[in-house]
Amino acid sequence: MEVFGLIALLQRVSSAHVRVGETLISSIGSGVLLFVAVTRGDQEEHASWLAKKIVNHRIFPSNGRPMDLSIADISGEILIVSQFTLAAVTSRGNRPDFSDAELPDRAMQLYEFFVEQIRDFHDPDKVSVGEFGADMQVSLINDGPVTILLSRGGSS
């Protein structure tokens, strides 16, 4: 499968938090937890498209409709965690191949641009992040459960 454009695994959560070692890095209440991978060849236009799609994606309930409101509509929180393993190619063998993942320096630049785009499209005070490249422990309470894979080149 050829993938282009950032990949995001979006989860509707009641709460989520990220730790690095014993240190709490970020935590949110009701909203969205995003795991984000940057793939080789990604551009700022992919990041901007995905950020806008996420902020406007209607995955929250309204009266009588289970998926009617966006994170912007409910003024919910967003926690963004970098996760290059989403770019794994698993079609051959039993060991994931990460050759589609962008090199770390470029990945960090585009990830940070993506975070800024999310903050541009949503209340910046409601956007939190993990620590890029760190060994993080992520805890969450998935609400629904609702988990959606989004990418410019795949599910959109």
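The expected span of a helix is 1.5 Å times one less than its number of residues. Helix 1 in this predicted model covers residues 44-56, and its 13 residues should span 18 Å. The end C-alpha atoms of helix 1 are 18 Å apart, which agrees.

Which residues of helix 1 are buried? They are His46, Ala47, Leu50, Ala51, Ile54 and Val55. Seen down the helix axis, they fall within an arc of 155 degrees, so they line one face of helix 1. An α-helix has 3.6 residues a turn, so residues three or four places apart point the same way. The cover over the buried residues of helix 1 includes strand 1 (7-20), strand 3 (31-37), helix 2 (71-74), helix 3 (104-121) and strand 8 (137-151).

The largest nonpolar core has 26 residues. Leu6, Leu34, Ile54, Ile80, Phe114 and Ile118 have the most contacts inside it. Helix 3 gives the most to this core, with six residues. Leu34 touches, among others, Leu9, Ile54, Ile80, Phe114 and Ile118. A second, separate core has nine residues, including Val18, Ile28, Phe35 and Met136.

The structure holds two aromatic pairs.

| Pair | Centre to centre | Angle between planes | Type |
|---|---|---|---|
| Phe84 and Phe98 | 5.0 Å | 65 degrees | edge-to-face |
| Tyr111 and Phe132 | 5.4 Å | 45 degrees | tilted |

Phe84 and Phe98 both sit in the loop between strand 6 and helix 3, 14 residues apart. Tyr111 lies in helix 3 and Phe132 in the loop between strand 7 (127-129) and strand 8, so their pair ties together parts 21 residues apart in sequence. Tyr111 is buried, with a relative accessible area of 4%. Phe132 counts as partly exposed at 28% relative accessibility.

Terms used:
Residues are numbered from 1 along each chain as its sequence is written. This is a predicted model: local features need pLDDT of at least 70, side-chain atom pairs count only at pLDDT 80 or more; totals for chains, interfaces and linings use all residues. Side-chain values use heavy atoms; hydrogens and water are left out. Helices (H or I, at least four residues) and strands (E, at least two) are DSSP runs, numbered from the N terminus. Buried means under 20% relative accessible area, exposed over 50%, partly exposed in between (1.4 Å probe, protein chains only). The arc is that of the directions from the helix axis to the C-beta atoms. Contact means heavy atoms within 4.5 Å. A nonpolar core is a set of buried Ala, Val, Leu, Ile, Met, Phe, Trp, Tyr and Cys residues joined through side-chain atoms within 4.5 Å. Rings of Phe, Tyr and Trp (its six-membered ring) pair if their centres lie within 6.5 Å; planes under 30 degrees apart count as stacked, over 60 as edge-to-face and the rest as tilted.
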